[in-house]
Each structure stands twice: as structure tokens, then as C-alpha cells.
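Student: Could we walk through this model together, one question at a time?
Tutor: Gladly; here it is.

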Amino acid sequence: LESLDLKPYTALFNNYTELRIQENSFAVITLNNGNLVQNARKITGGASARVYGSGSWGFASCQDISSEGIGKVLTEAGENASFLASRCGYAHKPFPESSVRISRSHATTRPVRTQKELVGFVREIDGYITEKYKGLTNRFVTLSAFNTHKKLVTSQGSEAESLVPRTTLVIQLSTEKESQPVEVYDFLGGLGQFEDLFLSPEPVYEMIDEVYRHLINKRDGVFARAGLAECVLGPSLAGILAHEAIGHTTEADLVLGGSVAGEHVDELVASELVTLTDFAHTALGQTCPVPVYADDEGVEARDTILIDRGILKGFMHNRESAEHFQVPPTGNARASEFSDEPLIRMRNTAILPGNDKLEEMIASVEEGYYLIKSSNGQADSTSEFMFGVPLGYEIKKGKLGRAIKDTTISGVAFDMLKTVTMLSDDMCWDGSAWCGKKQTIQVGMGGPAIKCHVTLGGR
Amino acid sequence: MEPKETALYARDALLRAGADKSQVMLTRSIRDELYVENGKIALNRTTHNHEIKYKAIRDRKQGLTMAGRIDKTSIDSEAIQVMELAGAAVADEARDIAEYQEPAVFADGPEGSDKVKMYARLREFLDQAGEKHPDTIIENGGIVFNQTEVSLVNSNGVDFASRTSHYEFFAIFTTKKDKLSSSMNYTGCVLADPDVELMKTVLTERLLEQSAGQTKLRALEGKFTGDIIMTPDCLGDFYRFLIKPLYDNFLIGGTSIYKDKLNKPITDKRITLHSRPVGDEMAGRDYIGPDGYVLKNNTIIDKGILTGFLTSQYGALKTGFPRAGNLGTHPVFEPGDSSLDEMIKSVRRGLLLCRFSGGDPSYGGDFSGVAKNSYYIENGMIQYPVSEVMVSGNIPDMLNNLNSISAERINFGTSLMPWMSFGGVTVSGK
């Protein structure tokens, strides 16, 4: 893939065309109670072409990146577009010209570790747990590494290449109470390769100590009280709130599909404390977890302000939706695998920090919950969201109380965000997040701690 | 090279690279898709994929990789990589490949797609939906043809091949009226032939009608303990939560709530659950499992008794439980004897739960989530569609608190689901 020059193939383009070659690699090592239950690697790669002709899209992909394979996908994509165009006859006009030339790599420059060294690192982490913490019923240590390498040329003259790695180490510990399993997990990592992110095991040990402390508290946890409650959402929950509650409703394809956000542009949809942006690659001077410099339509990626001090400002776009709304494309068209077509996707969606301290926020709650970690989440066209909360604590008279059992929180985003009264002055990115809209793709999510009202599941 | 020739070459490449045992699964697939975006057939996509899954064992250490390149040079190079992984592994007596079984070839479904029919039936569906429900938007949807060829060989003499194909239909929709949006809802099924009226498949027509009436919702005040009737679509989504504790991860780690329950009651005795990947009633069948064994239909719960875990070959050798004949796919619940009307009439307070949007249940089975596209039931009558209502409970408790199962079931092509009514669930509003 490194040496392949796609530019000569642009001579074969007849209509608006994107030609992409891509390789995704994934490696995983998992120890479960000391057993190496996963020691695997997967590589997928190939070529794809997407052609827009007479208002219809044709797409084709194959794993052969020889000139024969690339010629085949270009031909098949064109034929597929023609098949639809001959039947659908949609009105169309050419997309406005927009091109970018960029090449960025986040690959390590350090010597690459061998598989044996990586397994050794994971075993060392597992050894720390077994040595220090007796009485656990189960433990998982999982090291995962993803690399996404893409090259793209388009008929509008874009030439883009990127290599974006992600490495995470997940620790999951379990114990029992009255024969009922209880578990807590956490992770370290994000953008980068192992060699750059895990220079020593000490930060992992600190995380393990914290996971164990929460596990012991959760073992004696209680059910949350079902219903509406005042809550402080920890910084790591702000990201999923930004992604699920607002982000999805402001993807332009979902707006066209009936999302309620379409009716509220330039209206107050949140507390004036709330500003929410989908960052392309850099936020507050730092590289984001999933930096996107050019999207898979060859559009230069730029930040998209979704909510500015409580006012809904706009949507995330690909070329086609931007044309519909008569705005510039934002560089949000992303494909997960080489065989996937670009869809409007979030990149690094975050609520910006405020001026409060987390301790003061907790102290200001008479009775409610401090919710720390999230699991899966889901959005809706109504802006009603939900996500799982596997770790949290009661707040009683401004102080943390008992841990709570796993729960789910929900709310209608455009109502709930109006209840935000405090935002902490720090910012936390989740560099392990994925989004599952048709294709599973890496995203970044971030934000500060948030004080607000949400509905909890419980008893 | 032909698929089998390639698979044999890869198997032997692993042995040449030093493996004691080798197993290779080559998959070659073609996917033709007509994709709908916001009511328009917007994309015509064709993908050609192939993938080789390499498994090598040396000194009871395993290396496992998956890669897409199938030329001899790439296979030789990959074999060395697999052995590097095996060399880095920890010896484990439970690592093995499939035992010898009689060679077999399986074939199912048409060869190649009929895109003209696919288009015609999809166009018909969109026209019908637009005519009957002009305020309902088919956000995404489509019809997809999948054809998959598998060749699985190993150094114990296993030699299987299959060619399967089927069509998939799916629709995700939202209604927007007077600036109000419904919750999105979705459905879909697997079909042997695309030449059917898609609106009449599974519960598509009923769900679209429901969506059209779900822009004006009512919130519930307070909370109560009551009944939920899960629809077949909802039960299909919830199924993965029900069977999660039966898999390797939970059994090897000892965190499965059912680890001591084999051949013991775990649900109400009216519940019988099968997994039927090669069932005659399934439009989308699977024949070869990833472990290298031919898949078989089996029963997971028989009249409330847990009759088997969903253990892989590794999980079985690790835990001592029998290896499952399949992976728990293609679920089939035995029917009950109630009509849906009777089930609703018997509810004093509760919900018709049409979609569940919830967090992953705890290891102990505690769950909570939002009741989407759902209806409040009081005194045996459906009252109104609800908003911002959560349901909470415990899965093992719920399965023992069964009210009834419908006689009617819906065949989704890879599952057969009834309506099921459970008691003792917490329903909470604002």
C-alpha cells in the first residue's frame, strides 16, 4: 500500500469518482485468569471506488489492489451507478469543487515490539493483579491495537493519505457477593501505537488500584432509585452524552430522515453554558483521539460547531447533504473498511469545559448521583438518548455515598441539556470509543463533568 | 487457485512453517446491495471479499490470524506470522483443532443475485410506504444479496465446503408530522427469494402503521411494578442478553450466573428454546462453524431446564462442559397457546414493549433501559404510546415470572420469535 500511486488511475474516471485503497489491522492479546484466551491478528484491505452519475451512487470493492483489480472496481462502480440512474432518474447537478492534498501519519518512530514482548507486558500486568489482589473471582487483561491506513484520490483533484493507530489496554476485575458476580473495568490508551503509549507499566498499576477500589465499593452497591434525579456526570460520561444525545441528531442524513434537530436551528436547545463541537483533528491545542485531516470524499476536514452557548448552529455534512442545505461540506464523510462507502459520521465530538470544580459540583447536590463510567449507548431521532452506566455513587447532602449497581440513564437531549447548571473546568477524552451507525467506526468523545437532571433505571 | 486448492496450500504452509497442527478456513463472499437513504434508492453497492483464517498449534501454543491476500507468496508470509504468534503464546492443553469428520459439501440458495427483481420489489415497497404513510420517512433500508463460499480444511483430515446465499431486507423509519418526530423503529428479515411483497414480510406493515401514530406521545408519572409484553422484534434484540452467560467468556471466568445450572431449571417450564442454524424453517442457514465442526440444531432450554452451554471447542476443553453443536444463532422459541389480544387483556398495568434501548445487563442479569415505540396498557387495554419510560428488572427473575407465550410466531429467516409476557418488571416514568 505504501508504494502504490493512485494518481494514474484518475485518467480512467468518467464521472465524479472517489478511488480509495485501505488496510485496517487489528491485533489482540487477552489473558483471562492467566489463560491466553486471545492471541490473534486480523488484516483487511483492498480497493474501492464510488461513482456518482445522474444522481445515483455506484460502489464496488475488491481485495485485489493490482491495476487489474483497481480497474475492475472502477468499472463495476460505474456500472452500478448506471443501473440505478437508468431506473431512478434523480435530478442532480455537479458537486461544487472542493479538493485537498494532505498526508499525515501517527505511526510510532520507536522500535516496534515483538509479539513475545507484548504478551510479556500483558502477563506482567496480570502478575501485578494476582500478586496484590487476592479473592478476585475473575480478571481480564486485554491489549488491543488498531491501525487504519488509507489512500484516496478523487476526480476533483484530492490526494489524501493517513495512518491513524489506536491502542488500548482494558482491565476488568470481578468479585462476588451472595453468588452474584460484580465487575468493574477501565482502560488506558487512545491515539498511538503501543511503543508510544505504554512506556512503563506504572500508570496501568495506578488504574488497577482504582478499579479494585471501585469493585470493592460496588460489591456492596445498591440499586439506583428509578426516576428523574439530579446527577453529576463524570467527565468520561460527557463524551457519550455529546455523541449520543446531540451528535447523532445533528448528522445531516438523520436530519433529512426526520431528526427533531431539523426544527431547531438557531434556537436555544441547551443551557447557555453548553458549547458542543465535532472537532476534525485538534481541540484546545491537542491532537484528538481520531484525527481526520481529509474525509473519504476528499474534503478537507474542519471543525463543526453544533451548539454555541446553548444555540443549535448547524449539522455535520457530506458533499451531498451540504449541497442540499447549501452550505460547505464539513469533512464528515467517513468509511470504516475499504469495502464500506463513506457515511456522515462524527469524528471527535465534545462538550467544552466550564469554570467549576468537580468537588464543588458534587458538594452542591443535596440528593442525587455521581455517575462515573458509561458502557453502550443509543440515540434517537427525537433526541431521546440512553446509555449504560456500570459505575456510579449516591450523593447525599453533598457527599459521596454508596456505590450503585449497573444502571441506564436516559433523557430527551434538548430538554435535558437545558437543566445543565455546572460544568467542570477540565476535559477528558475517551480514546476507545466506537460508533455503530451501519458500519462500526472509531470515534473520539470528550467533555467535562456536567451537573444536570437525567432519568435513571433502577428499582 | 480455486478456494479448496488455496485452503489446502495455506494448511500445508502452516505445517511447513513448523506447526504441529494446522486449520484453515477460507471464505469468499459477494454482496450486492441496493441501499435506501431517506426514501431514495441512493446506492448500488457490490463488494467482493475473501479472507483466510489461519490457526496453527505448536507445543500446545496457538497462533491465530485472519488475512485477505490469497496468493502463494502472501500465504507463505502469513504462515510465518502465525507461527510467530504461536511462539509468543502460553502453552495451553485446551488448544486444539477439530477432530476428523467425514468430508462434506453443502449448497443452499441461488447462485448470483437477481438485481432487477431486487430493485422492483424495493421500489414497490417504497411506493407503498409513501402512499400509505406519507409522513413516514424510510431513513435507511434496502435489500441485500449475500453469497458465501467456505472451504475448511485441517491437518486432521477435515475437509468441508459450503456455498450459501440469501437475501436480506431491512428498513429503519421515522415519522415526522407537525414538527414532531416519532422514535425511529426498524425491522428486517432474511429471505430465500427477493420476489415477495416486502411490506408483507414479518411485521413491517404493522410497525409502519404504529410509527405513523407515534409522533404524539405521553409520559408516565411515577413508577409501578407490572407486566411487559415483548414483541417478536423486541425479543429478537433482547435474545443476546438472555444467552450471554452461556458463552465461553462467562464459563471460563466462572462469572456465569448459570455455571452450576446445567440440567437444572433456569426458567419457567413453559419456555423451550432451540438454536437451529440448519433448520428447514430458516431462509438463511449456516453449515460450518468457525471451530471446524459441522453445525447442528440443538436445544438450549427444554421446558425450563438448561440443557446445554454455548461452548466452543476451546471452552469445552477448558471447562469440561460438552462442546455445543452451534453458536446459539437462529433461535427458535416454542409457541404458547395465547393470542396477542388475550395477552393484552390479562395485563392490569404494564407495557407492550416494542423496542428496548438499554445498557448491557450486569453479570447478575440486572437490566434497565428505555421503552421505545411502546404502549402503556391498563386494565387489559392499550392506552397510548409512551415517552421517557424506563423498564428495569433482572433477566433470570423475569424468565421465571412468565405470564404467557403467544401461539403466533414471526419467522425472521434466521429466528422464530413469539410475543412473550413477563411480570414483576419495574416501569418508571418521570
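Tutor: Two definitions come before the helix: helices (H or I, at least four residues) and strands (E, at least two) are DSSP runs, numbered from the N terminus, and the expected span of a helix is 1.5 Å times one less than its number of residues. This is a predicted model, where local features need pLDDT of at least 70, side-chain atom pairs count only at pLDDT 80 or more, and totals for chains, interfaces and linings use all residues. Residues are numbered from 1 along each chain as its sequence is written, chains are lettered from A and ligands numbered from 1 in the order in which they are written, and side-chain values use heavy atoms, leaving out hydrogens and water.

Student: How far does helix α1 of chain A reach from its first C-alpha to its last?
Tutor: Helix α1 covers residues 67–88 of chain A, 22 residues in total. At 1.5 Å a residue the expected value is 32 Å, and the computed reach is close to that, at 32 Å.

Student: Which residue follows α1(A)?
Tutor: Look for a positive phi, near 60°.

Student: In which sense do β9 and β12 of chain A pair?
Tutor: Within this pair, A:Leu276 stands opposite A:Ile307 in β12(A). Strand β9 (residues 276–279) and strand β12 (residues 304–308) share 3 bridges, and the sense is antiparallel.

Student: How much area do chain A and chain B bury between them?
Tutor: Buried area is the accessible area (1.4 Å probe) that two parts lose on being put together, summed over both. Of the total, 48% is on carbon and sulfur atoms. The value is about 6,700 Å².

Student: Which residue of chain A forms a salt bridge with B:Glu78?
Tutor: A salt bridge is a side-chain nitrogen of Lys or Arg within 4 Å of a carboxyl oxygen of Asp or Glu. There are 11 between chain A and chain B. In this one the closest N and O atoms are 2.8 Å apart, and the partner is A:Arg41.

Student: How far apart in sequence are the parts that A:Arg50 and A:Glu18 tie together?
Tutor: Their side chains meet in a salt bridge (2.9 Å, N to O). A:Arg50 lies in strand β2 and A:Glu18 in strand β1 (residues 16–32) of chain A, so the pair ties together parts separated by 32 residues.

Methods. Two strands pair if DSSP finds at least two bridges between them.
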